[in-house]
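Please look over the sequence and the model shown here. The briefing that follows takes up charged side-chain pairs and then strand pairing.

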Amino acid sequence: MTLSLSRRAFVAGSAVLPVACTGLNRALPASQTEPGPVNPLVRQRADAQVLRHDDGFYYLTGSVPEYDRLVLRRSKTIAGLATAEERVLWRHQATGPMSGFIWAPELHLIDGRWIMYFAAGPSGGGEDVFRIRTFAVACDGPDPMTGNWQVLGQFQAPWDSFCLDSTSFVHRGTRYFAWAQREPGIETNSNLYIAPLASPLTLARQATRLSVPTLDWEVRGFKVNEAPAVLARNGRLFMTYSASATDARYCLGLLSAPDDADIMDPRVWTKAQEPVFVTCPETGVFGPGHNSFTVDEQGRDVLVYHGRDYDRIEGDPLFDPNRHTRVQRLYYKADGTPDFGVPVGNGPMPVRLLAADGVALAHDGIRLVAGAATLAATQFRLIEDAPGVVTIAPILRRDDRVTIGEDGSLGLAPAVDGAAQRFLVQRAGSQSIRLESAARRGVAITSGATVALAPLGRATAWKVD
């Protein structure tokens, strides 16, 4: 994922400033110069999956508000998915078990054949429309955007009960299936299960129950564990899942297991006791969940998920159409576990500015600091006002900007039209930049005992991460 900059008019107050650069595309490291994704990436696409295939394309699918069809789009870049042409692969049937809601599609290439799993129920109204089961369609050719898709059949689940949100992954040479289902005798809406696959629709052995919603944040509105997504990193297998009702209480939980363990043994899995990704009023994203994972064009991990721009919902959240597909960088803690941070909010991708010792520029309230801080406190948007001139906006304080005070101190203050909040981006080697004050030429933001201004030649060269 590359740095994306929101260009706006070069306002009158900056017209008198010398422009030291010819634009950020020349000032930033090469890996940061292409336009990157802007959130929300795709509006009204819930249950989002982005798959990067070895044909060089990113594929995106998700639930549409009408819940009546399976769709797919592709692009050479994540950012390009926003405007890519979308193809309808299949529509729900006129009658029968696949004539009602169509939910949560996922695309997989299994044994050389494109498969799309989805959840579906019958039409006709009443409680029967929630007789949801998992099905699959298959493509008759190598190109999922041009081939013909036909029903492959129903997943042969352990029980004939509410079943949805299926995913598949290969671990140590074995292809597994993970899904959510209501198990008879357990009074929940859905639990999480795993088993190796014998075929795209059948299991090779008895399923293992991995998780039942019991924690307070898993049972708000409904008792839900659903939408598993798998990531293998740092010697461990991580499985995210979504919990609670699909309003602002929706959130992500996390299971983990050692990479070399028998993942069919439920005892090797550990459940995080707190949610790892939740509503964030400060950034304006509510009910983040139903995620997938991909990598950006530089091979860095990316979290894909949906979330709304507002808290209050009229009626049933299921029929509120504005769960939008969103993406953001996924970082890691020192112990190798994912650090999800917070939903970063609408706009270009934020970045982290790292000093040579790896310490990130951060804020504690309105103070700028360099040192221990939460991930979200280290994330800023560089918003381009003119070629090579930016303001620096923290994601947790959307209306503030990094500002130089009258005494030369640095901090956060409400955004205004003035040179005190503008910085000229100067390249400092192949991978770093310096941020020179537009109000006080010759000095730039520097990390030390405090965050302050220092002469340009001695100022911190910030790595854009």
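Arg 422 counts as buried, at 3% relative accessibility (buried means under 20% relative accessible area, exposed over 50%, partly exposed in between, with a 1.4 Å probe and protein chains only), and the side chain of Arg 422 meets that of Asp 417 in a salt bridge of 3.0 Å, N to O. This is a predicted model, in which local features need pLDDT of at least 70 and side-chain atom pairs count only at pLDDT 80 or more, while totals for chains, interfaces and linings use all residues. Residues are numbered from 1 along each chain as its sequence is written, and side-chain values use heavy atoms, with hydrogens and water left out.

**Salt bridges**

- The structure holds 27 salt bridges, each being a side-chain nitrogen of Lys or Arg within 4 Å of a carboxyl oxygen of Asp or Glu.
- Asp 143 and Arg 74 form one of 2.9 Å, N to O; Asp 143 lies in the loop between β8 (133-139) and β9 (149-154) and Arg 74 in strand β4 (residues 69-75), so the pair ties together parts that are 69 residues apart in sequence.
- Asp 143 is partly exposed at 22%, and Arg 74 is partly exposed at 23%.

**Sheet**

- Five bridges join β2 to the antiparallel strand β3 (residues 58-63), and Leu 51 stands opposite Tyr 59 in β3.

Methods: Pairing = 2+ DSSP bridges. Helix = DSSP H or I, 4+ residues; strand = E, 2+ residues; numbered from the N terminus.
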